[in-house]
Amino acid sequence: ASASDAGRIVEILSNWNVVRMMRLVPHPYTEELARDWIASHVVEREAGTAHRFAVEDEGGVVGTCDVDEIAGGVGDLGYWFDEAVWGRGYATEAASAVVDFSFGSLGLSKLTSGHVSDNPVSGRVLDRLGFERTGEARIWSMPRACEIVQIKYALQKEAWRSRAG
């Protein structure tokens, strides 16, 4: 995403149905927060701690997919999308590309991910990509301002390689 996408990102993250599924996004979300978040991408990429990708269609940004919290050969896969494009396969397609990038270009050995317990659709995306459920954790949700149950997943590089052929 570029600085010019800040307004669109605020629009998407102002939708409660989207932001309530996330753990670290303040609500309400502001253009200043969006600009700061976009500006942090270069620093994170250069440090090797995160790679974030805007997902676009003919109308512009519809969401993001990323691998972050990279350390010791492990990264965490995440994604969010405009409610208007839910159910169109964007999450599966983008996440699949980021998984390939993470294991291929970055050489990671393992990816983790998770979703809030009341978002099983996100879990089905992870299932399709070969992630295996590893458990549950109670975590703080910034937008909900309470603890939530997160379903945790992991994908080992070897399992990805055998699926990829």
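Let's start with the largest pocket, which is lined by 45 residues, with Met-21, Met-22, Gly-78, Tyr-79 and Trp-80 lying nearest its centre. Keep in mind that this is a predicted model, where local features need pLDDT of at least 70 and side-chain atom pairs count only at pLDDT 80 or more, while totals for chains, interfaces and linings use all residues. Residues are numbered from 1 along each chain as its sequence is written, and side-chain values use heavy atoms, with hydrogens and water left out.

The volume of the largest pocket comes to about 1,200 Å³, counted as the space filled by probe spheres set on the points, with grid points joined across faces, edges and corners.

Which elements each supply at least two residues of that lining? They are β2, β3, α4, β4, α5 (120-128) and β6, and the largest share, 6 residues, comes from β3. Helices (H or I, at least four residues) and strands (E, at least two) are DSSP runs here, numbered from the N terminus. By type, the lining divides into 22 nonpolar, 13 polar and 10 charged residues. Nonpolar covers Ala, Val, Leu, Ile, Met, Phe, Trp, Tyr, Cys and Pro, charged covers Asp, Glu, Lys and Arg, and the others, Gly among them, are polar.

Now to the strands. β3 and β4 (residues 110-116) run parallel, joined by 3 bridges; two strands pair if DSSP finds at least two bridges between them. Gly-75 stands opposite Leu-111 in β4. From β3 the chain crosses through α4 to β4, and this β-α-β crossover is right-handed: with the strands pointing away from the viewer, the path from the first strand over the helix to the second runs clockwise. On to β6 (residues 146-156), which runs antiparallel to β4, with 7 bridges between them. There, Thr-112 stands opposite Ala-154 in β6.

Next, salt bridges. How many does the structure hold? There are 11, taking a salt bridge as a side-chain nitrogen of Lys or Arg within 4 Å of a carboxyl oxygen of Asp or Glu.

Arg-8 pairs with Asp-82, with the closest N and O atoms 2.4 Å apart. Arg-8 sits in helix α1 (residues 6-13) and Asp-82 in the loop between β3 (74-81) and α4 (90-103), so this pair ties together parts that are 74 residues apart in sequence. Arg-8 is partly exposed at 21% relative accessible area, whereas Asp-82 is buried at 13%. The cut-offs are under 20% for buried, over 50% for exposed and partly exposed in between, using a 1.4 Å probe and protein chains only.

Glu-69 and Arg-23 form another salt bridge, their closest N and O atoms 2.8 Å apart. This one links Glu-69 in strand β2 (residues 60-71) with Arg-23 in the loop between α2 (16-19) and α3 (31-47), 46 residues apart. Glu-69 is partly exposed at 49%, and Arg-23 is partly exposed at 28%.

Last, Arg-52 and Asp-66 meet in a salt bridge at 2.7 Å, N to O. Arg-52 is in strand β1 (residues 51-57) and Asp-66 in strand β2, so the pair ties together parts 14 residues apart in sequence. Arg-52 and Asp-66 are both buried. Through shared partners, salt bridges join Glu-44, Arg-52, Asp-66 and Asp-68 into one network. Thanks, everyone!

Definitions and conventions:
On a 1 Å grid over the protein atoms alone, a cavity is a set of points where a 1.4 Å probe fits but cannot get out, and a pocket is an open set with protein on both sides within 12 Å along at least five of seven lines; lining residues have an atom within 4 Å of a point.
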